[in-house]
Amino acid sequence: MSMIAAFYSNKSILITGATGFLGKVLMEKLFRTSPHLKVIYILVRPKSGQTLQERVFQILNSKLFEKVKEVCPNVHEKIRPISADLNQRDFAISKEDVQELLSCTNIIFHCAATVRFDAHLREAVQLNVTATQQLLLMASQMPKLEAFIHISTAFSNCNLSHIDEVIYPCPVEPRKIIDSMEWLDDSIIEEITPKLIGDRPNTYTYTKALGEIVVQQESGNLNVAIVRPSIVGATWQEPFPGWVDNLNGPSGLIIATGKGFLRSIKATPTAVADVIPVDTVVNLTIAVGWYTAVHRPKSTLIYHSTSGNLNPCNWYKMGLQVLATIEKIPFESAFRRPNADFTTNNFTTHYWNTVSHRVPAIIYDFYLRLTGRKPRMLKLMNRLLKTISMLEYFINHSWEWSTNNTEMLLSELSPEDQRVFNFDVRQLNWLEYIENYVLGVKKYLLKEDLAGIPKAKQHLRRLRNIHYLFNTALFLIIWRLLIARSQMARNVWFFICPLFKL
Ligand SMILES: CCCCCCCCCCCCCCCCCCCCCC(=O)SCCNC(=O)CCNC(=O)[C@H](O)C(C)(C)COP(=O)(O)OP(=O)(O)OC[C@H]1O[C@@H](n2cnc3c(N)ncnc32)[C@H](O)[C@@H]1OP(=O)(O)O
Ligand SMILES: NC(=O)C1=CN([C@@H]2O[C@H](COP(=O)(O)OP(=O)(O)OC[C@H]3O[C@@H](n4cnc5c(N)ncnc54)[C@H](OP(=O)(O)O)[C@@H]3O)[C@@H](O)[C@H]2O)C=CC1
């Protein structure tokens, strides 16, 4: 029997961000391995016109939760959605719900955040700093609380090349930043944002770093720990390989590549592709909750959930395997044949963005106009190029993360716990993982049936023929123009004709 699974039996757990990518997998794993847990409280806000109950119903009836329903048939009775909005003071939680949370909660997993790279600093501070501060205040009023686990990011200190499992200071105290958001207007905040974030690439990484300092400064006597995942990718093993449910990180770019939109991206091919499967992050997070509650370390421990120093992969190897898998298992209705490459300097990046991205989009929009349809390709391409410009920072740098605490924790686990909560990334086979990732993007993000592969291949053959036809026509038109204008071209033409009996 797993000691960790047994620890969570009869526990009341609070998860923020449970409707997100990481939060869903965390909730699924807890229910599947500890079906006798008492309750999981989840802070949920109404979204896209769905009520709390509808959102929870959709999650529990998704493919991700299929195995849970076998081992925990009454899962819908053990999940307790609480209406909350982390943007509001006191999270807009009702007094009755607050009382229940304060009196019952044993473990908190704080996953909620805005992960947008272009979030306005006010929004990023509210969600990634102030909300963390408020949750810590709530936690300090929970008599039964055994552990508070904060999910940060391995990129919170991406302005450093070597990052240890410690909390690094920020130039301006988080409290001062939180207070200034109260009275500064948006335009002033926008003006000072570049100075505040300094050599970090965006407000996301900056506010995640501030959030860590808040955890360190405001945890009081709480038993807290911080988990720093790197680039969270699809599931590696459980509940099944390849599950992913949003476009963040690599997923969106895999789609853009497979659909033939993305033909080149500025990357350092040898840079470490520090992707970490979401189930690996979740297994570590659950183990951290157990270890923090049972062993009560004297200080706030930071755990890096990264792959680069234990089992490194690079962007070139990842990109090749993505393309090889797409070749075998193509996506449907591709805009062009998938064929992408890395550029390594700004000039070639701008050149290929024009030639391979914008010009084909303009030509296609022209064709849409000719056929009486609304042009949309250039707009879509520009949004994709904006997204890529935000992600490029992370694929043109390499970082070294120490993982002493994570390796220490692994050694503390029994063999049974190491099996049930496996976060030993050294066992990961990258080629197999990337293949399952691409397959998962096709099945779970694009909702494409594998039965459609022959048709998708036929579509790609058609695109290839159109491509060859277009290139041949273009060559002939240019050659005709050249012959009409250049004696040299005519001489060459008359010289080669007899050779090829033209
Ligand atoms: C051999 C060569 C082979 C080559 C082939 C190579 C292929 C394989 C190589 C793989 C390379 C891996 C690189 C990973 C680096 C990840 C680093 C993460 C590190 C930190 C991780 C964290 O600690 S934290 C989680 C990460 N946090 C995000 O990753 C949010 C990003 N995102 C945004 O911050 C907003 O997205 C932003 C961008 C502001 C736009 O914002 P915006 O308002 O302009 O537009 P939207 O957000 O609405 O997105 C506009 C449309 O792009 C769609 N889209 C959204 N995300 C997308 C995405 N990642 N890739 C594509 N498409 C995406 C979206 O679905 C919309 O599509 P639509 O319009 O049809 O709905
Ligand atoms: N994905 C990645 O690559 C990485 C993620 N992380 C960290 O992991 C954690 C989870 O990330 P991930 O699951 O990818 O992110 P998602 O964007 O998928 O999920 C974010 C979660 O936060 C919730 N949330 C956001 N704003 C609010 C709000 N105002 N009120 C209530 N809830 C809110 C969302 O709720 P709703 O569904 O209602 O929007 C959602 O449940 C974050 O802390 C992130 O920094 C760290 C490293 C890498």
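Reply: The largest nonpolar core has 105 residues. A nonpolar core is a set of buried Ala, Val, Leu, Ile, Met, Phe, Trp, Tyr and Cys residues joined through side-chain atoms within 4.5 Å. Buried means under 20% relative accessible area with a 1.4 Å probe, counting protein chains only. Y8, I15, M27, L30, F31 and L409 have the most contacts inside this core. Helix α12, residues 278–295, supplies the largest share, ten residues. Helices are DSSP runs of H or I with at least four residues, strands are runs of E with at least two, and both are numbered from the N terminus.

This is a predicted model, so local features need pLDDT of at least 70 and side-chain atom pairs pLDDT 80 or more, while totals for chains, interfaces and linings use all residues. Residues are numbered from 1 along each chain as written, chains are lettered from A and ligands numbered from 1 in written order, and side-chain values use heavy atoms, without hydrogens or water.

Take L30. Leaving out residues up to four places away in sequence, L30 touches Y8, I13, I15, P35, L37, I40, F109 and I286. Contact here means heavy atoms within 4.5 Å. A second, separate core has 44 residues, among them L86, I93, V125 and C170.

Now ligand 1. It has 29 residues around it, and R116, F117, Y204, L247 and G249 come nearest. A residue counts as near if one of its heavy atoms lies within 4 Å. Polar contacts are pairs of N or O atoms within 3.5 Å. A backbone N or O atom of F117 lies 2.8 Å from a ligand 1 oxygen. A polar backbone atom of G249 is 2.8 Å from an oxygen of ligand 1. The side chain of K386 places an N or O atom 2.9 Å from a ligand 1 oxygen. Alone, ligand 1 exposes 1,400 Å², and the protein buries 84% of that. These areas come from the Shrake-Rupley method with a 1.4 Å probe. Helix α15 gives the most to this shell, seven residues.

Ligand 2 has 26 residues around it. T19, R45, K47, R55 and Y204 come nearest. A side-chain N or O atom of D85 is 2.9 Å from a nitrogen of ligand 2. Polar backbone atoms of C111 and A113 reach ligand 2 oxygens too, C111 at 2.9 Å and A113 at 3.4 Å. On its own ligand 2 has 890 Å² of accessible area, and the protein covers 91% of it. Elements giving two or more residues to this shell are α2 (21–33), α10 (203–218) and β8 (231–233).

How values were computed
Buried < 20%, exposed > 50% of the residue type's maximum accessible area, 1.4 Å probe, protein only. Polar contact = N/O pair within 3.5 Å; in protein donor to acceptor, adjacent residues only side chain to side chain.
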